[in-house]
Amino acid sequence: MEKKHSNPLMIIAKTILLILTAIYPFFMVIMSGAGLVYNSDSYGGKLTRAGIILIVSGIIMTTGAILCMFRKNIPNIVALICSVGGFALCIMMLRLICFHADAAGWTDKYAMTPISDMYKARIVPSVAPAIIATAISLIQIFSYDASEERRRKRKLREERENAPAPKIIDD
């Protein structure tokens, strides 16, 4: 089997993905959720559940980013699902938190800006690692090497299925 050479652009994209994932989904999203859970006494059950779901979505997006580092199709399909699903879950919770913060009139006591702006600034940049992980996964799933590997496996399976049956009676 020949050695596969890595594309320098793919290495750069994966490096950027790991850095952005460490900052946004892993740190910002999870820590925002942890803050909501930590202050659950004053925020109530609805925001506590949103905090827990934010933590879970950050973990799911991080898992997706890690899985897309592999060249195999199954991890890339799971990475695609994790990245898109985790980001969708994260944005739904962000929407809920922002509506609640705006309805309650929460503002930053120093800048007098809405707290929802702070949550948006922390969580919305998670779109970048989600898009990069999705792109990397799709590129790897539909790459020439992956297509050739699928063709090779299909050919081997067909050869096994079409192989002559073993003799039952010896001559």
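**Entry 1: starting at Glu161**

I began with Glu161, which is exposed at a relative accessible area of 56%. In my notes, buried means under 20% relative accessible area, exposed over 50%, and partly exposed in between, with a 1.4 Å probe and protein chains only. Before going on, I wrote down that this is a predicted model, where local features need pLDDT of at least 70 and side-chain atom pairs count only at pLDDT 80 or more, while totals for chains, interfaces and linings use all residues. Residues are numbered from 1 along each chain as its sequence is written, and side-chain values use heavy atoms, with hydrogens and water left out.

**Entry 2: salt bridges**

How many salt bridges does the structure hold? I found 2. A salt bridge here is a side-chain nitrogen of Lys or Arg within 4 Å of a carboxyl oxygen of Asp or Glu. A friendly reminder to myself: side chains of opposite charge can pair when their charged atoms come close.

Which residue pairs with Glu161? Its partner is Arg157, and their closest N and O atoms are 3.9 Å apart. Arg157 is partly exposed, at 40% relative accessibility. The two residues are 4 residues apart in helix H7, so about one helical turn separates Arg157 from Glu161. I keep in mind that helices (H or I, at least four residues) and strands (E, at least two) are DSSP runs, numbered from the N terminus.

The other pair I looked up is Glu148 with Arg151, whose side chains meet at 2.5 Å, N to O. Helix H7 covers residues 144-161, and Glu148 and Arg151 sit 3 residues apart in it, so they too are separated by about one helical turn. Glu148 is partly exposed at 32%, and Arg151 is partly exposed at 45%.

**Entry 3: Phe26**

Next I turned to helix H1 (residues 8-38), where I found Phe26. Leaving out residues up to four places away in sequence, Phe26 touches Thr21 and Thr62; contact means heavy atoms within 4.5 Å. I also looked at Thr63, which is 37 residues from Phe26 along the chain, and their C-alpha atoms are separated by 9.5 Å.

**Entry 4: Val78**

My last stop was Val78, in helix H4 (residues 73-104). Val78 counts as partly exposed, at 36% relative accessibility.
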